Amino acid sequence: MNSLSETYQVIIIGGGPVGLYLGLCLEQADISYIILEKRSAPRPGSRSLGIHPVSLELFKELDIVSNFIRDGIKIQQGHAFVNTKKIGSLSFKSCPKPYNFILALPQHQTETLLEQALTKRNPNALLRNAEVNTITEHSQHVEVNFEQNGKMHTVRAKYLVGCDGKNSLVRRQSNIAFKGQQYPDTYIMGDFTENTHFGSDAAIFLCDEGLIESFPLPNNHRRWVVKTDNYIDDVSKDQLISDVFNRIGHSLSDAQHTMLSSFGVQKLIAYPMVKNRTILVGDAAHIVSPIGGQGMNLGWLDARDLADALLQVLGNTFQKHTILNQYQKRREHAAKNAIQRAEMNMKLGRKITTPFFRKQLVSLMLTPPISQLMANIFTMRGIERWPV
Ligand SMILES: Cc1cc2nc3c(=O)[nH]c(=O)nc-3n(C[C@H](O)[C@H](O)[C@H](O)COP(=O)(O)OP(=O)(O)OC[C@H]3O[C@@H](n4cnc5c(N)ncnc54)[C@H](O)[C@@H]3O)c2cc1C
């Protein structure tokens, strides 16, 4: 074994959006760290697209927000339809400035921008092609073994942060439970060249046959998300085109597609998120339904909170257990709130037997003063304080 035997204050496992952002926060806080990431580059495709104002405020703190704004599309309002009939619109323009919009940017572009910002500040912070195999906790430190280019290495740190996603190795090796459930809801989605008149606006269609969502993307593209009756393994362009056409009469047949996929949805929370010297953050700690676009943003909020907590804990405090326990309570509370908000979105998009009541409810949600509350909910305001 070729041992690097480096020692850090923190080891981050996983250089996805959350691990990269946590690295930037630790850099700012002058905490020594390394990020171990098994991939050679950000995963292609565009899973997440929504960056919420709360996250743009975090990026502003680090002085990295301008490149995101440069590359993304500002969604300042969304239009709600019941089948093809427009019920109203929800505007984010009255939300706190300057980030009174949701920024649409495909996840791989987000990760690339975070990586560029990080490596500019610390070129040695991110180790790619570094796959972690084992972690071992000792009383005063943690030890991590990883493989890079066929060689095994060992690094040590005071704390280990698992930002390694839904199937987290850190969570499994630490015997931390991941509790929750699978929802019955399933979706297909695809990115197509733009052929609507919505411009930079979003559109939500509550159809008798199930929800359709449509979001602008950079480079004159648009994301279509369609609720399906069952999970579809091998989604075809033709199916998405025909579902959209049959439900809302919009034809995508002349549009080019760049991505197609299907997904089921779960709610899962790790118990505990902090175990001795191991801390889980982002999807490793919680899974929220993508309907509402909160998962990655929730991970960034975790990371920001954790950077503050680690700064205190590493500063020789006598209250480290209390600080990390309080951190855990806040993150669990935020994850539960995000789950509730996502459930509200999913319920609105299900097939229903009482369309009249849904139409009345949606109209009410789009009317002041309730519309302001809805704008806050859809932009993740108050996620740590109040449930839906
Ligand atoms: C269809 C869809 C749409 C979504 N839309 C949105 C949205 O609009 N807004 C939003 O906020 N969220 C959205 N999400 C959720 C978002 O994609 C996730 O919450 C986000 O990717 C979580 O980031 P993460 O860094 O915690 O985990 P990941 O993105 O999963 O990153 C984990 C990283 O860890 C690495 N890794 C794993 N194991 C190891 C190991 N053993 N050694 C080294 N490295 C390892 C992986 O290679 C990966 O790079 C969406 C999700 C889906 C599926």
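This is a predicted model: local features need pLDDT of at least 70, side-chain atom pairs count only at pLDDT 80 or more; totals for chains, interfaces and linings use all residues.
Strand E1, residues 6-13, and strand E11, residues 151-162, run parallel and are joined by 7 bridges. Strand E10, residues 142-148, is also joined to E11 by 7 bridges, but this pair runs antiparallel, and here phenylalanine 146 has histidine 153 in E11 as its bridge partner. The hairpin that E10 and E11 form has 2 residues between the strands, and in it asparagine 149 takes a positive phi near 50°. E11 pairs as well with strand E18, residues 278-280, in the parallel sense and over 3 bridges, with leucine 280 of E18 as the bridge partner of glycine 162.

If we take valine 281 and leave aside residues up to four places away in sequence, its contacts include Val18, Leu22, Val161, Gly162, Asp302 and Leu306. As general background, nonpolar side chains in soluble globular proteins tend to be buried together.

Of the 32 residues around the ligand, the ones that come nearest are Gly14, Gly16, Gly165, Gly282 and Gly295. By class, the shell divides into 11 nonpolar, 14 polar and 7 charged residues.

Finally, some backbone details, for which the background is that most residues other than glycine have a negative phi, and most peptide bonds are trans. The bond from lysine 97 to proline 98 is cis, with omega near 5°, and proline 98 is found in the loop between strands E6 (85-91) and E7 (102-104). A cis peptide bond also joins proline 368 and proline 369, with omega about 0°, and proline 369 is found between helices H9 (355-365) and H10 (370-378), in their loop.

Aspartate 63, in the loop between helices H2 (53-61) and H3 (65-71), has a positive phi near 65°; with 10 other C-beta atoms within 10 Å, aspartate 63 is exposed. Asparagine 220, for its part, has a positive phi of about 60° and lies in the loop between strands E14 (212-217) and E15 (221-228).

Terms used
Residues are numbered from 1 along each chain as its sequence is written. Two strands pair if DSSP finds at least two bridges between them. Helices (H or I, at least four residues) and strands (E, at least two) are DSSP runs, numbered from the N terminus. A residue is near a molecule or strand if its C-beta atom, placed from the backbone, lies within 6 Å of it. Ala, Val, Leu, Ile, Met, Phe, Trp, Tyr, Cys and Pro count as nonpolar, Asp, Glu, Lys and Arg as charged, and the others, Gly among them, as polar. Two residues are in contact if their C-beta atoms, placed from the backbone, lie within 7 Å. A residue is buried if 20 or more other C-beta atoms lie within 10 Å of its own, exposed if 12 or fewer, and partly exposed in between; C-beta atoms are placed from the backbone.
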